[in-house]
Amino acid sequence: MHGGGSTGTAAAKHANRLRWALALTGTYMIAEVVGALVTGSLALLADAAHMLTDVGGLALALLAIRFATREATPQLTYGYLRTEVLSALTNAVVLLLLTVYILYEAYQRFLAPPEILSGPMLIVAAIGLVVNLISMRLLAGGSSESLNVKGAYLEVLGDMLGSVGVIFAALIIMWTGWRLADPIMGAGIGLFIVPRTWTLLKQVTHILMEGTPPNIDLALLERKLMDIPGVTAVQDMHVWTVTSGFDAMSCHLVVADISKARDALQNARRVMKDNFGIDHVTIQVEDDVLRAEEAVLHV
């Protein structure tokens with residue numbers, strides 16, 4: 001095992017920002033749910049539902065950071081680092097399911113538009129816009145470093161745009177009395193977040209499938225290893241992401257002279273660290289004889 005858990009994950013660096021965003025979002029979510037029930041607005045209810053997923057997502061992100069610090073065990077040799085990825089997966093799935101519900105409710109309201117209290121709806125949405133802008137500011141710094149923080153940031157982004165949409169819907173209803181503006185805006189809020197959520201879901205799935213990190217050029221990596229003096233072949237190479245900011249690599253290096261294995265291994269580690277930012281590497285060094293023996297074992 002390569003040691004225990006880690007407090008240095010990409011998400012862990014932004015734990016305090018996540019806590020502040022959770023406090024702001026959780027407090028306002030309660031007010032927005034009440035406002036949605038009082039005004040009868042689907043747009044406001046959709047925004048409140050996104051707020052609910054924000055609270056869940058932020059709480060899961062903080063929980064993932066806590067689990068990531070736990071030591072590795074013989075059963076979980078990477079510890080709980082993947083908890084962050086599972087948390088982001090949960091966020092994406094919940095948001096997609098929520099969108100289905102909002103679209104169904106919008107359809108029902110197209111058939112029978114209810115009465116909407118546009119004044120209170122406008123006030124609640126305006127407060128929500130301010131809260132979302134503050135939360136976005138808190139999370140923006142970590143959204144490019146951590147899938148978990150990115151998931152939370154995307155949810156808050158959706159809420160911010162949702163708040164803007166609710167404000168427009170409230171103004172339309174207030175000025176024209178056109179109540180269909182509410183379900184139209186509610187459906188729009190639900191649909192807006194789908195492409196971004198789908199992208200997050202694909203990224204998470206790629207990690208769980210142990211796909212090559214998008215920032216790694218596998219062909220270039222192989223060429224760099226082949227440029228090491230004495231290396232004649234690179235075999236069984238794999239590069240994958242354990243969690244955000246933590247990539248790993250394994251391969252077999254075939255060398256012409258096995259007595260030079262130490263030098264080849266040191267050079268390979270240096271290449272991985274300096275050129276690709278990967279310091280968690282597992283490299284087996286072998287010559288042609290050992291490689292042939294291994295090929296027989298695989299038959």
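Let's start with Asp236, which is partly exposed, with a relative accessible area of 36%. In this predicted model, Asp236 sits in strand S1, which covers residues 231–243. Its backbone deserves a look too: Asp236 is not a glycine, and yet its phi is positive, at about 50 degrees. For context, most residues other than glycine have a negative phi.

Glu210 is another non-glycine residue with a positive phi, in this case near 55 degrees. You will find Glu210 in the loop that links H6 to helix H7 (218–226). Is Glu210 buried or partly exposed? Its relative accessibility is 48%, so Glu210 counts as partly exposed.

## The overall layout

Stepping back, the protein contains 9 helices and 3 strands. Reading from the N terminus, the order is α-α-α-α-α-α-α-β-β-α-β-α. The chain has 299 residues, and 47% of them count as buried.

Among contacts with a separation of 6 or more, 75% are between residues 24 or more positions apart. As for the surface, the protein exposes about 14,800 Å², with carbon and sulfur atoms supplying 64% of that area.

Helix H1 takes in residues 15–39, 25 residues in total. From first C-alpha to last, H1 reaches 35 Å, close to the 36 Å expected at 1.5 Å a residue. Its buried residues include Leu18, Thr25, Gly26, Met29 and Glu32.

Which residues does Val55 contact, once its neighbours within four places in sequence are left aside? They are Leu22, Thr25, Gly26 and Met29. Gly26 and Val55 are 29 residues apart in sequence, but their C-alpha atoms are 5.8 Å apart in space.

## Annotated transmembrane regions

An unreviewed UniProt entry annotates "transmembrane region" at residues 20–42, 48–65, 85–104, 116–140 and 152–178. The model can be set beside two of these spans. Residues 20–42 are 91% helix and 0% strand, with end C-alpha atoms 28 Å apart. For residues 116–140, the figures are 92% helix and 0% strand, and the end C-alpha atoms lie 34 Å apart.

The largest nonpolar core is made up of 48 residues. Leu18, Leu58, Met121, Met136, Leu139 and Val166 have the most contacts inside this core. At least two core residues come from each of H1, helix H2 (42–68), helix H3 (83–111), helix H4 (118–140), helix H5 (147–176) and helix H6 (181–208). Which helix gives the most to this core? That is H5, with 13 residues.

Not counting residues up to four places away in sequence, Val166 touches Ala43, Leu44, Asp47, Met121, Ala125, Met185 and Ile189. Elsewhere, a second, separate core holds 22 residues, including Ile216, Met237, Leu253 and Ala268.

How values were computed. Residues are numbered from 1 along each chain as its sequence is written. This is a predicted model: local features need pLDDT of at least 70, side-chain atom pairs count only at pLDDT 80 or more; totals for chains, interfaces and linings use all residues. Side-chain values use heavy atoms; hydrogens and water are left out. Helices (H or I, at least four residues) and strands (E, at least two) are DSSP runs, numbered from the N terminus. Buried means under 20% relative accessible area, exposed over 50%, partly exposed in between (1.4 Å probe, protein chains only). Contact means heavy atoms within 4.5 Å. Accessible areas come from the Shrake-Rupley method with a 1.4 Å probe; for residues, only the protein chains shown count as cover. The expected span of a helix is 1.5 Å times one less than its number of residues. UniProt positions are given in the numbering used here, feature names are shortened, and annotations may be inferred rather than shown by experiment. A nonpolar core is a set of buried Ala, Val, Leu, Ile, Met, Phe, Trp, Tyr and Cys residues joined through side-chain atoms within 4.5 Å.
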